[in-house]
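Trainee: I have a model on my screen and would like to learn how to read it. Can we go through it feature by feature?

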Amino acid sequence: MGINENKGWSRDQIAARIAADIPDGAYVNLGIGLPELVANYIPQGREVIFHTENGLLGVGPSPAKEEVDDELINAGKKPVTAIPGACFFHHADSFTMVRGGHIDICVLGAFQVSREGDLANWSTGEPDAIPAVGGAMDLVQGVKTIIVFTQHTTKSGEPKIVESCTYPLTGKGVVSHIYTDYAVIDVKKEGLFVREMAPGIDFDFLKSCTGAEIKLYES
Amino acid sequence: MINKIVGTAAEAVAEIFDGATVMISGFGEAGSPIELIHALIDHGARDLTIVSNNTGNGHIGLAALIENKQVKKMICSFPRTANSVVFPELYRRGEIELELVPQGTLAERIRAGGAGVPAFYTPTSVNTPLAEGKETRIFNGKPYVMEYGLKADFALVKCKIADRYGNLLYNKTARNFGPVMCMGASRSIVQASQVVELGMLDPETVVTPGIFVSKVVEISNPLSENQLIKENRRYPWA
């Protein structure tokens, strides 16, 4: 956790903050890793259907150990369950849901997000890295609303919200909202607008750890 | 009489030739036809181009096929996973080629190949390194990348239930690439956990129509990759 420790929202609090903004009836794809936490915080009374790109609509919670099924997994290849009303389908149908604009919201992690909503989250571009993209480029182009769930800075304190991404892009101008341990930020044509700051975070501090211009809605 | 059932995995893969393009179903372990892959290792066909979402785990299944130097090129979306050790090593040494394809584009290319569509346009990968060198075109003011349909000589696919016509049902998220790969390959070779009599499958629920399937072998208790990896097993068995 490094420099971010004890300041701003915890990972679970960010997940809960995102979940609070997901409307009843939404079809949602959660990226591998941190975004998976969002499923734990959907407010009671809301019905949200989770999609996993390996072919399941209606992803349920993790199974008890004795109920683990190697052929019932999520995109992160972790065991899941299927809720009553779930359905299975093949990969081309699954990505028709993604690429055809049928999924409402996707929550993804990020290496960097730019002021114009460019996302870099699949490769650090290091020469020794094995390139792997999975479904990230399909999701950012096809899903109606892309939400980024990330720590505000890297472990060494570098801003992850930047003027323009230095890592290879996943997609250009694709991110709508950024939820970090410090703030909720909306990506608009006119720039990055801070919708909310975590308790104990002020605007000057937020500016100091953000690599792109940010604005308050009031101004 | 149509009977696509064959007796053994060895018989099922016997026709695969050197230099063939082979689609292999599975998303990680789920849906990976491990017995057919092991039969292909025994068979020994070389210089294969393999189309599969991942590159296999540990030293069994697809990873073992790669380790046995039978694969010249991988076409996949996610070549590294937690248990993927074989591919990264060969790739870093420059001993295997990689064509990296976004997962949805991979599925769509296979479907297009199976449907006789030579190429299509998609916004996926526009403005990224994966679109470099590809034709782009503007539709309604938005840029799209041209991607080619993908065909294969063979597909190796795992399913749950089959009949002798080759009609298939799958199991949960092990379905993944199976149905499109059966369509995208000239010859689809399937391992089924169970083979049933004609008429036992409800025609309303058949997932892969038998016309897309060439051969079926019954493997009633397929090996678990997870279990083999826990036991640190290698194929060929030591």
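**Reading the cavity, pocket, helix contact and backbone**

Mentor: This is a predicted model. Start with the lining of the largest cavity: by class it has two nonpolar, eight polar and two charged residues.

Trainee: Which residues line the largest cavity?

Mentor: They come from chain B: B:Ile24, B:Ser25, B:Gly26, B:Gly28, B:Glu29, B:Ser32, B:Ser52, B:Asn54, B:Gly56, B:Asn57, B:Leu62 and B:Glu225.

Trainee: How much space lies in the largest cavity?

Mentor: About 80 Å³. Searching the whole structure gives one cavity of 30 Å³ or more.

Trainee: On to the second largest pocket. What is its volume?

Mentor: The volume is about 620 Å³. Its lining takes in 29 residues. Nearest the centre lie A:Ala39, A:Phe50, A:Val59, A:Gly60 and A:Pro61. Three elements of chain A give two or more residues each: strand 1 (27–30), strand 2 (49–52) and strand 3 (56–60).

Trainee: Which strand gives the most to that lining?

Mentor: Strand 2 of chain A, with four residues. By class, the pocket lining divides into 15 nonpolar, nine polar and five charged residues.

Trainee: Now helix packing. What describes two packed helices?

Mentor: The angle between their axes and the distance between the axes. Here, take helix 2 (residues 91–99) of chain A and helix 5 (residues 103–115) of chain B. They pack at about 125°, and their axes are 9 Å apart. Helix 2 of chain A and helix 5 of chain B are therefore oblique to each other.

Trainee: Is the crossing of helix 2 of chain A and helix 5 of chain B left-handed or right-handed?

Mentor: Left-handed. On helix 2 of chain A, the contact uses A:His91, A:Ala92, A:Asp93, A:Phe95, A:Thr96 and A:Arg99. Helix 5 of chain B brings B:Gln103, B:Gly104, B:Thr105, B:Ala107, B:Glu108 and B:Arg111. Counted by class, this contact has three nonpolar, five polar and four charged residues.

Trainee: Last, the backbone. What do most residues and peptide bonds look like?

Mentor: Most residues other than glycine have a negative phi, and most peptide bonds are trans. Now look at A:Lys77. It is not a glycine, yet its phi is positive, about 65°. A:Lys77 sits in the loop between strand 3 and strand 4 (81–88) of chain A.

Trainee: Which residues does a cis peptide bond join?

Mentor: B:Tyr235 and B:Pro236, with omega about -5°. B:Pro236 is in the segment after helix 7 (225–230) of chain B.

How values were computed
Residues are numbered from 1 along each chain as its sequence is written. Chains are lettered from A and ligands numbered from 1 in the order in which they are written. This is a predicted model: local features need pLDDT of at least 70, side-chain atom pairs count only at pLDDT 80 or more; totals for chains, interfaces and linings use all residues. Side-chain values use heavy atoms; hydrogens and water are left out. Axes are lines fitted to C-alpha atoms, for helices over the stretch in contact, and angles run from 0 to 180 degrees between N-to-C directions. Angles under 35 degrees count as roughly parallel, over 145 as roughly antiparallel, 65 to 115 as roughly perpendicular and the rest as oblique. A crossing is left-handed if the near helix is turned anticlockwise from the far one by less than a right angle, and right-handed if clockwise. Contact means heavy atoms within 4.5 Å. Ala, Val, Leu, Ile, Met, Phe, Trp, Tyr, Cys and Pro count as nonpolar, Asp, Glu, Lys and Arg as charged, and the others, Gly among them, as polar. On a 1 Å grid over the protein atoms alone, a cavity is a set of points where a 1.4 Å probe fits but cannot get out, and a pocket is an open set with protein on both sides within 12 Å along at least five of seven lines; lining residues have an atom within 4 Å of a point. Grid points are joined across faces, edges and corners, and a volume is the space filled by probe spheres set on the points.
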